[in-house]
Amino acid sequence: MNDIKLAVLGSEGVGKSALIVRFLTRRFIGEYASSSECIYRKRMSIDGKQMNLELYDPCSQPCEGQFSLNEQMHWADGFVVVYDISDRSSFITAQAIVHLIRELHLGVTKRDADSVVFLVGNKQDLCHVREVSREEGQRLAAEFKCQFYELSAAEHYQEVALMFSKVVRNTSLNGKAKDRRRPSGSKSMAKLINNVFGKRRKSV
Ligand SMILES: Nc1nc2c(ncn2[C@@H]2O[C@H](COP(=O)(O)OP(=O)(O)OP(=O)(O)O)[C@@H](O)[C@H]2O)c(=O)[nH]1
């Protein structure tokens, strides 16, 4: 599996764009337009293998032609679910998203119960106003079989890059395992859905 599609999900203002931009450009930019959704593209090498990565960054405000959550679930091979450690309500939203990802069944979407989900507590630099403990994050991740990270898009580049590289690697390995046991067809259906929705693409 050389084409990897990742959806970065979470409630408004948790730092989804900040994490993606940090990963793609190494920079932290304070403010990001949140009125449009984007698919960013990047070619990267993992274990000596070239990968075509697409990263979906949804917009929190309603915008034209927006992916519904269900469409996001169909589209993506792997998920990064983000919350803000200084905002409990964002943790509750992250919990609901992870639950939804795990709930949808094989056959309904291209994913199955084993799809790769990383749970990320962002804004670790705001730990003095923390509302969600690291242990709560770890517990949620363990319950839903996710990998767990606490990060700061504002302060960490290496950790953010490592996290994204791991999601890509794990998603690629997971896809290979699925390809071996899955009858052909579901992949082309996913591609069709992607073409029909014809998302705007950005290259960084
Ligand atoms: N202190 C701190 N602020 C951050 C961090 N990451 C993002 N922010 C800030 O949080 C705000 C929201 O960041 P965005 O990246 O736009 O969040 P988003 O989840 O993409 O938001 P929407 O596009 O509205 O859904 C901005 O003011 C960022 O500067 C972080 O790690 N630490």
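**Reading the model**

Guide: Helix α1 (residues 16–25) is mostly covered, with 9 of its 10 residues buried. Here, buried means under 20% relative accessible area, exposed means over 50%, and partly exposed lies in between, computed with a 1.4 Å probe on protein chains only. This is a predicted model, in which local features need pLDDT of at least 70 and side-chain atom pairs count only at pLDDT 80 or more, while totals for chains, interfaces and linings use all residues. Residues are numbered from 1 along each chain as its sequence is written, and side-chain values use heavy atoms, with hydrogens and water left out.

Visitor: Which residues of α1 are buried?

Guide: They are Lys16, Ser17, Ala18, Leu19, Ile20, Val21, Arg22, Phe23 and Leu24. Just after α1, Arg26 takes a positive phi of about 70°. As for the naming, helices (H or I, at least four residues) and strands (E, at least two) are DSSP runs, numbered from the N terminus.

Visitor: Is Glu150 buried or exposed?

Guide: Glu150, which has its place in strand β6, counts as buried because its relative accessibility is 7%. Contact means heavy atoms within 4.5 Å. Leaving aside neighbours within four places in sequence, Glu150 is in contact with Ile85, Gly121, Gln124, Arg130, Ser133 and Arg134.

Visitor: With which side chains does the side chain of Glu150 make polar contacts?

Guide: A polar contact is a pair of N or O atoms within 3.5 Å; within protein, one must be able to donate a hydrogen and the other to accept it, and residues adjacent in sequence count only if both atoms are side-chain atoms. The side chain of Glu150 makes such a contact with the side chain of Gln124 at 3.3 Å, and another with that of Arg130 at 2.8 Å.

Visitor: How many salt bridges are counted?

Guide: A salt bridge is a side-chain nitrogen of Lys or Arg within 4 Å of a carboxyl oxygen of Asp or Glu. By this rule the count comes to 7. Among them is the pair of Glu150 and Arg130, whose closest N and O atoms are 2.8 Å apart. Glu150 lies in strand β6 and Arg130 in the loop between β5 and α4, so this pair ties together parts that are 20 residues apart in sequence. Arg130 is partly exposed, at 30% relative accessibility.

Visitor: What does Glu150 form with Arg134?

Guide: Their side chains meet in a salt bridge, at 3.9 Å from N to O. This pair links strand β6 with helix α4, 16 residues apart. Arg134 counts as partly exposed, at 33% relative accessibility.

Visitor: Where are the partners Lys123 and Asp84 placed in the chain?

Guide: Lys123 forms a salt bridge with Asp84, their closest N and O atoms being 3.5 Å apart. Lys123 is in the loop between β5 and α4, and Asp84 is in strand β4 (residues 78–84), 39 residues apart. Lys123 is partly exposed at 22%, whereas Asp84 is buried at 7%. Finally, Lys5, Arg41 and Glu54 are linked in a network of salt bridges.
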